[in-house]
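Colleague: Could you take me through one part of this model in detail, the helix packing and what goes with it? Keep your cut-offs in view, please.

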Amino acid sequence: MKKILFASFLLSNLIYASTLNDLKITDEDFIKISHSSQKNFVFDRINELMLLKKSLKNVDDDFTKLNSVNDFFNEYEYVDDKKIYNKADYWATRKEFIFKGAGDCEDFVIAKFFTLLELGIEESKLSILHGIHNNIYHLVLAYQEDSFSDVFILDSINKRILPLTVRNDFLTLYTLETIDLKNSAYEKTDIQYLSNYKWTEIYLKSKESVN
């Protein structure tokens, strides 16, 4: 019965269905949302993402996409992991971020990264910078057209897209990379390793859904 309901819903709106597929929303997710007291808010956020992607479908300009996606997700509430997930540090998938409608810096970056990929931004132009903002570890999404261009920052705190060269409030420590999760040679207590590990988990979990 659940699958019939879900299939009927998908068939009623193919664009919406595509967005649900991108987010990897399962039958169980759909039923759970439908019975939630927050269902209207969750479906609204999914619908808004669908409309955003539809509006940018035929846009060729990268900065139009960057600004639209940055502004879109920066409307979400910035909330500590402890309050949402009761964990000191939790990296949410874009699906989880949209379901909650709130998150911290990693969640904003992850959502923006995969949405921009779906909109046709080349992955080689995007990177994730781990750094320090106001003496606190912070993640931002970076965009660079080519190796000779300025690096622009998409941030959940300073919400204007600005060149890294003028972001005196952010100190870059390193760029996140995907790693071999089975390689035990890494120092597990190293913060760079832990960040790369969590990023790789999210990357592998999310990348296959990007067209």
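**Helix packing around helix 8**

Modeller: Start with the handedness: helix 5 passes helix 8 in a right-handed crossing (right-handed if the near helix is turned clockwise from the far one by less than a right angle, left-handed if anticlockwise). Before going on, bear in mind that this is a predicted model, where local features need pLDDT of at least 70 and side-chain atom pairs count only at pLDDT 80 or more, while totals for chains, interfaces and linings use all residues. Residues are numbered from 1 along each chain as its sequence is written, and side-chain values use heavy atoms, with hydrogens and water left out.

Axes here are lines fitted to C-alpha atoms, for helices over the stretch in contact, with angles from 0 to 180 degrees between N-to-C directions. Helices are DSSP runs of H or I with at least four residues, strands are E runs of at least two, and both are numbered from the N terminus.

Who touches whom? On the helix 5 side you have Lys 65, Leu 66, Val 69, Asn 70 and Phe 73, which meet Phe 108, Ala 111, Lys 112, Thr 115 and Leu 116 of helix 8 (contact means heavy atoms within 4.5 Å). That contact divides into 6 nonpolar, 2 polar and 2 charged residues. Nonpolar means Ala, Val, Leu, Ile, Met, Phe, Trp, Tyr, Cys and Pro; charged means Asp, Glu, Lys and Arg; the others, Gly among them, are polar.

Helix 8 also has helix 9 (residues 191-207) as a partner: the axes come within 12 Å and cross at roughly 35°, and this crossing is right-handed. Here Ile 110, Phe 113, Phe 114 and Leu 117 of helix 8 meet Trp 199, Ile 202, Tyr 203, Ser 206 and Lys 207 of helix 9.

Now the rings. Phe, Tyr and Trp (its six-membered ring) pair if their centres lie within 6.5 Å, with planes under 30 degrees apart stacked, over 60 edge-to-face and the rest tilted. The count comes to 17 aromatic pairs. In one of them, Phe 63 and Phe 152 have ring centres 5.0 Å apart and planes at 85°, so the pair is edge-to-face. Phe 63 belongs to helix 5 and Phe 152 to strand 5 (residues 151-154), so this pair links distant parts of the chain, 89 residues apart.
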